[in-house]
Amino acid sequence: MGKLAVLSLAVIALAAFIGERLVAFRHLSLSSRELTQNYLPNCRLIKGIEYGAEDITVLEDGLAFLSTGLKYPGLPSYSDDPGKIYTLNLFDLDLKIEGLKIKGQFDKGSFNPHGISVYTDEKDGAVYLFVVNHPQGNSQVEIFRFVEGENALYYIKTIRHELLHNVNDIVAVGTESFYATNDHYFINGILMFVESFLSLSWCDVVYYSPQTVQSVAGGFTFGNGINISPDKRHLYVSDIMKHKIKVMEIQKNAVLSHVKEVDVGSLCDNIEVDRESGDLWLGCHPNGLKFMYSDPNDPPGSEVIRIENILSEKPKVTQVYADDGSVIVGSSVATRYGRNLLIGTVYQKALICDLE
Ligand SMILES: [Ca+2]
Ligand SMILES: [Ca+2]
């Protein structure tokens, strides 16, 4: 065969491969999915949240923490100001957010908060806030102690480790220990793009404690939200590009064993677990391609999904809310408290709805 023929065959094979990957990627990102509006009555936007509330979690007494102002590579960011953590008292009828003061030797100017998790120490009732932070594009976990009377976070420590290279979300399981998801395997920008384009399932879940750091589960295409069951026996992880929530059981030595996967039919981001019922509340991206383009003229929509009885034979998956982007853009988290449903987004607004 002549050189030209070999070259032609190679070009055709490459074009076919790229074409196949594009089709696969469009399929995985649910790019042709059209959303039907599914509104809840009595929703209102939370005043003062304009630059995202990527993750939200609520304490038992109704105080919500909101992680705001995330700057994530490839996604819009409409403010140059550093990120902030706000609180919102869900018993306050005015729903007024309050910025938390950060005390101690902490660089607030480069604060870029992402996933969050709270841990309450049963011994003394102290509340710790764990925050994934990306200063200068790096990946690290900050641990703070929350002092409600002062509306302040006292900086305790920063955790960096080579296994914690692209952390998206965390769940705290002790005052200094947590599980974390990585959303990419590579840290180089071009390789990260190749990894996404080829939909490589190379992401993992990492367990960290002062005594040990280890990768405890792998095979995720883009590890995202992570949370724990109320009895602390099971972990839930969103494998966002596979449209699944993976359920794993925590074994001795913090290692995880696979239990099951639940299809959600959407690209679900963070996971909140109802402490009373054990239900999962998911903030999801109904169309991943629109989310990646984030075109203000054709905005990505928002979707909230609830999973009931996840450990039973027949988990019930329900769409609770859906919007085409005319109300909120790019929902990443949803959490229920009483009759309230709080919905946060990656880089835009936050909404609170009445479920009754
Ligand atoms: Ca979280
Ligand atoms: Ca996330």
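This is a predicted model: local features need pLDDT of at least 70, side-chain atom pairs count only at pLDDT 80 or more; totals for chains, interfaces and linings use all residues.
Local features need pLDDT of at least 70 and side-chain atom pairs count only at pLDDT 80 or more, while totals for chains, interfaces and linings use all residues. Residues are numbered from 1 along each chain as its sequence is written, and chains are lettered from A and ligands numbered from 1 in the order in which they are written.

Q: At which residues does UniProt place the feature "binding site"?
A: The UniProt entry is unreviewed, and its annotations, given in the numbering used here with shortened feature names, may be inferred rather than shown by experiment. The positions span 216 residues in sequence, yet no two of their C-alpha atoms are more than 12.7 Å apart, so they gather at one spot.

Q: Is D55 buried or exposed?
A: D55 is found in strand β2, residues 53-58; a strand is a DSSP run of E with at least two residues, numbered from the N terminus. A residue is buried if 20 or more other C-beta atoms, placed from the backbone, lie within 10 Å of its own, exposed if 12 or fewer, and partly exposed in between. Because D55 has 31 such atoms within 10 Å, it is buried.

Q: Which residue does UniProt list for "active site", and in which strand is its place?
A: The unreviewed UniProt entry lists H114. With 25 C-beta neighbours inside 10 Å, H114 counts as buried. H114 touches residues including D55 and N168, where contact means C-beta atoms, placed from the backbone, within 7 Å.

Q: What is the bridge partner of F146 in β10?
A: Strand β9 (residues 140-147) and strand β10 (residues 152-159) pair in the antiparallel sense over seven bridges. The partner of F146 in β10 is L153.

Q: How many residues has the largest nonpolar core?
A: A nonpolar core is a set of buried Ala, Val, Leu, Ile, Met, Phe, Trp, Tyr and Cys residues joined through C-beta atoms within 7 Å. Among those with the most contacts inside the largest core are I170 and Y179. Not counting residues up to four places away in sequence, Y179 touches I170, V171, V173, V205, Y207, I226 and L235. The number of residues in this core is 79.

Conventions. Two residues are in contact if their C-beta atoms, placed from the backbone, lie within 7 Å. Helices (H or I, at least four residues) and strands (E, at least two) are DSSP runs, numbered from the N terminus. Two strands pair if DSSP finds at least two bridges between them.
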